[in-house]
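We will walk through it together, one region at a time.

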Amino acid sequence: MPARDHCGVVGVSLQGKGAAPYLFRGLRALQHRGQESSGIATTSHGTLHHRKGLGLVHEIFSQEMLDALRGSTGIGHVRYPTTGSTDLENAQPIVFKLRDEDAALAANGDLVNYERIRRRIQTQGVELLGNADTETIAQAIALEFNHTRDLDSAIRRACPELVGGYAVVLIAGNRIYAFRDPLGIRPLVYGTVDGGVAVASESVALELMGGKLIRDVLPGEVIVLERGQLARTSRIPSSGERAHCMFEWVYFSRPDSIAEGVPIYDVRHRIGLRLAQESPVEADLVVPVPDSARPQALGFAEGSRIPYAEALIKNRFVERTFILPDQKRRESEVRVKLHPVPGLLKGKRVVLLDDSIVRGTTLREIVQMVRGAGATKVDVRIGCPPIRAPCYFGVDMKDRQQLVATGRTEAEVAQAVGADSVHYLSMPGLVQAITLPAENLCLGCLTGKYPVDVPEEHHRFQRSLEEF
Ligand code: 5GP
Ligand code: MG
């Protein structure tokens with residue numbers, strides 16, 4: 001099983017000052033994209049320095065470590081925790097060789113065909129260790145580099161074979177190479193920082209590094225940063241189609257980021273307004289499931305003219321309920337994470353807003369909690385259509401059996417989570433809230449139709465035929 005990484009990456013190129021403090025700030029801005037581990041690699045005078053650790057960015061990097069990360073060029077990574085795995089082996093950036101030179105690479109995303117590429121790489125005598133997707137990308141590029149000796153063209157030649165969603169930063173010598181999969185599934189932006197240029201998974205990281213967003217790295221674009229400037233750009237051969245992951249706007253990105261020119265906060269607010277139109281309900285209070293559903297709930301309150309109340313308080317030190325390995329612990333942790341304000345919900349008809357439902361565990365607990373606090377009715381509105389299919393491109397969505405919406409109607413989901421009603425945002429509602437054409441979005445987890453051919457889906461089809 002590959003590491004399903006929904007992570008964050010950053011790369012900076014400065015002139016005359018150290019990159020490490022910038023990377024540290026950028027990674028802290030991307031902490032929500034991964035809390036398991038973090039790493040930084042920099043270069044100075046041709047020497048690669050790298051440090052990584054388990055935990056949150058500010059816990060890992062002491063001043064001493066940052067001082068050791070010398071040089072004005074560097075990349076960094078935060079890794080999303082996946083169930084049951086907390087090992088430093090999987091931390092990125094990974095270090096590898098480009099002929100005799102040390103290089104490092106960090107990626108956000110998943111390849112759907114990495115097993116096939118790994119076999120091919122292994123037949124060429126390359127030893128592969130852990131970290132399936134990231135190592136596969138690095139070694140595929142290294143093999144091409146043996147032929148071309150030119151890194152730009154090695155990347156352009158290796159990438160068409162890498163099928164999936166990925167945003168990658170690579171450091172070699174005093175250059176950063178940043179590139180994005182040809183469909184632009186995973187996000188990557190380019191901008192200035194104080195004293196140079198940078199790339200990051202989200203624009204908020206550029207701002208925290210003292211700079212600003214200039215533009216998105218284009219799907220399939222390879223950009224090279226050198227001596228504090230954008231040195232050049234080129235394109236991976238591709239069809240020109242796009243498939244941006246809708247879940248970045250729904251849940252994953254910070255609301256203070258902008259992706260493909262569309263502010264995340266605005267999308268979530270429009271989703272709330274739209275839900276109020278599509279699925280109105282008589283109620284006394286609109287309550288968000290914090291933190292991720294606040295803008296949606298504000299939109300719903302505005303659209304429905306029902307008062308908004310922060311009736312559930314989140315303990316900000318509990319983060320990991322979603323990825324806990326067993327159901328029992330997830331359930332009891334939800335109780336530690338969220339707690340109702342006494343009195344606020346008593347005798348009230350409540351509309352509960354959440355960004356998405358995956359397994360339904362969190363929601364079931366929350367509905368119970370809201371009833372326990374005295375609510376007389378709990379209607380749930382979800383800021384995304386039903387998630388019914390797995391994600392193969394880097395979002396931690398499990399197999400179909402675990403997804404509560406698979407094979408269930410809204411009424412059946414309501415029953416499963418114990419709510420009076422559950423209504424999801426419609427597909428047109430989602431697409432219009434994001435404001436990009438539907439054909440430019442990846443909606444695979446909603447439709448089961450993926451923007452690239454997914455080998456695992458063939459197996460599924462085959463299996464179901466055999467069962468039949
Ligand atoms: P469920 O309990 O239905 O499995 O989880 C849904 C909740 O988890 C939603 O409130 C949503 O905010 C959050 N969520 C959705 N996707 C992810 C994810 O990939 N990672 C984490 N940590 N939380 C998620
Ligand atoms: Mg949530």
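Predicted model: local features only at pLDDT ≥ 70, side-chain atom pairs only at ≥ 80, totals over all residues.

Residues are numbered from 1 along each chain as its sequence is written, chains are lettered from A and ligands numbered from 1 in the order in which they are written, and side-chain values use heavy atoms, with hydrogens and water left out.

Let us begin with the antiparallel sheet. Six strands make up this open sheet, in the order β5-β6-β7-β8-β12-β13. Strands here (E, at least two residues) and helices (H or I, at least four) are DSSP runs, numbered from the N terminus. The edges are β5 (94-98) and β13 (229-235), each of which pairs on one side only; two strands pair if DSSP finds at least two bridges between them. From one strand to the next, the twist averages 25 degrees, with axes being lines fitted to C-alpha atoms, for helices over the stretch in contact, and angles running from 0 to 180 degrees between N-to-C directions.

Within this sheet, look at β8 (residues 175-180). Five of its six residues are buried, so β8 is largely enclosed by the rest of the structure. Buried means under 20% relative accessible area, exposed over 50%, and partly exposed in between, with a 1.4 Å probe and protein chains only. Strand β7 (residues 164-172) is joined to β8 by six antiparallel bridges, and V168 stands opposite F179 in β8. The hairpin of these two strands has two residues between them, and G173 takes a positive phi there, near 60 degrees. β8 also pairs with β12 (residues 221-226), antiparallel over five bridges, and A178 has I223 of β12 as its bridge partner. β12 in turn is joined to β13 by six bridges, with E226 opposite Q229.

Now move on to the parallel sheet. Its four strands form an open sheet in the order β17-β20-β21-β22. Here β17 (285-288) and β22 (421-424) are the edge strands, each pairing on one side only. β20 and β21 pair in the parallel sense over six bridges, and V350 faces V378 in β21. Helix α9 (residues 264-278) lies across β20, β21 and β22, running at about 125 degrees to β22.

Next comes helix α12 (residues 361-372). At 1.5 Å a residue its twelve residues should span 16 Å, and its end C-alpha atoms are 17 Å apart, which agrees; the expected span is 1.5 Å times one less than the number of residues. Which residues of α12 are buried? They are T361, L363, E365, I366, V367, M369 and V370. What covers them includes β20 (349-354) and β21 (377-382), along with α11 (327-337) and α13 (410-417), where contact means heavy atoms within 4.5 Å. After α12 comes G374, whose phi is positive, near 105 degrees.

The structure holds three cavities of 30 Å³ or more. A cavity is a set of points, on a 1 Å grid over the protein atoms alone, where a 1.4 Å probe fits but cannot get out, and lining residues have an atom within 4 Å of a point. The largest cavity has about 90 Å³ of space, a volume being the space filled by probe spheres set on the points. It is lined by 13 residues, of which C245, C391, C442, G444 and C445 lie nearest its centre.

Notes: 1 Å grid on protein atoms, 1.4 Å probe; cavity = no way out; pocket = protein on both sides within 12 Å on 5 of 7 lines; lining within 4 Å.
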